[in-house]
Amino acid sequence: MFLLDLAQVLRLPRHSTTATALVFWHKFDAFARTDDAAKAFDQKLIMSACVHLACKQTELPRKLRDILNAGFWIEQRGNPNIDPFLDTDNDLYWELKESLVAAELVLLRVLAFDTNVETPHSWVVYILQKVWLLAEDPHSIAASHDSNQLDVDERYALLAQNSWAIANDAFLVPQTCVGVNEVVLAAACVYLASQAANLSHLVSIENICYAARIKESTTIEIINTLLQGLPNLPLPVQK
């Protein structure tokens, strides 16, 4: 995906700036499906506008020139006949800059100038801490595995890492990052990560929802939506 490539070249964090840019893109894409004028815009140009706007929203600014050069390099890499960097003396640079500024204005109108995006990552950390405290004896899990298995601290670290990674990937699925409560999404990510780490018997859906103060039914719905959009995740919870 061009947007992810662009964010990677610009070294933008997945959990904040890139996630915000993805939300902007999903909203524009949904609007463009019903609006011919929006549909006419080049997708990569709009994605670049999403990244630039997200950089400003998350207070991690990148210059327009850097975004244009990064995008141009992604498109031209491997082509020995074209200089992969744009110079300000090049007319193409100014044309692309003008187009990007215009695209960002269109994007803002589509977003109704609402650029606030709440990500689930801080809630992932909160829920993990609460759920671990709810466990009767977390260290008892170590006794149920042989010496070749990860110890409890390593398994908890793996659980946290997987939860964070799933939260990042959730922004690839419009149904789980647009209009979804960030606390519910965080709970779903923690549960799926607990399955991947073989800790679902300790980190139960009941404890997760209790810690987050949310309904199980709502969380399970988002879990299954994630599984549909990200088929490589663990099996869905049966409820």
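Author: Start with contact, which means heavy atoms within 4.5 Å. Leaving aside neighbours within four places in sequence, Phe 24 is in contact with Cys 50, Leu 53, Ala 54, Leu 107, Leu 111, Thr 115 and Val 117. This is a predicted model: local features need pLDDT of at least 70, side-chain atom pairs count only at pLDDT 80 or more, and totals for chains, interfaces and linings use all residues. Residues are numbered from 1 along each chain as its sequence is written, and side-chain values use heavy atoms, with hydrogens and water left out.

Reader: What makes a set of residues a nonpolar core?

Author: The members are buried Ala, Val, Leu, Ile, Met, Phe, Trp, Tyr and Cys residues, joined through side-chain atoms within 4.5 Å. Buried means under 20% relative accessible area; exposed is over 50%, and partly exposed is in between (1.4 Å probe, protein chains only). The largest such core here has 41 residues. Phe 24 is among those with the most contacts inside it, as are Leu 3 and Val 51.

Reader: Which helix gives the most to this core?

Author: H4, with nine residues. Helices are DSSP runs (H or I, at least four residues), numbered from the N terminus. A second, separate core has 38 residues, including Val 131 and Cys 189.

Reader: Why is Thr 119 called buried?

Author: Its relative accessible area is 19%. The limit is under 20%, so Thr 119 counts as buried. Thr 119 lies in the loop between H6 and H7. Beyond its sequence neighbours within four places, Thr 119 is in contact with His 15, Ala 19, Phe 171 and Glu 182.

Reader: Why are Tyr 93 and Trp 94 called an edge-to-face pair?

Author: Rings of Phe, Tyr and Trp (its six-membered ring) pair if their centres lie within 6.5 Å; planes under 30 degrees apart are stacked, over 60 edge-to-face, and the rest tilted. Tyr 93 and Trp 94 are 5.0 Å apart centre to centre, with 80° between the planes. Tyr 93 is buried at 4%, whereas Trp 94 is partly exposed at 44%.

Reader: How do you know that Arg 213 lies over the face of Tyr 210?

Author: A charge sits over a ring if NZ of Lys or CZ of Arg is within 6 Å of the ring centre and within 35 degrees of the ring normal. Arg 213 is 4.5 Å from the ring centre of Tyr 210, and lies over its face.

Terms used:
Helix = DSSP H or I, 4+ residues; strand = E, 2+ residues; numbered from the N terminus.
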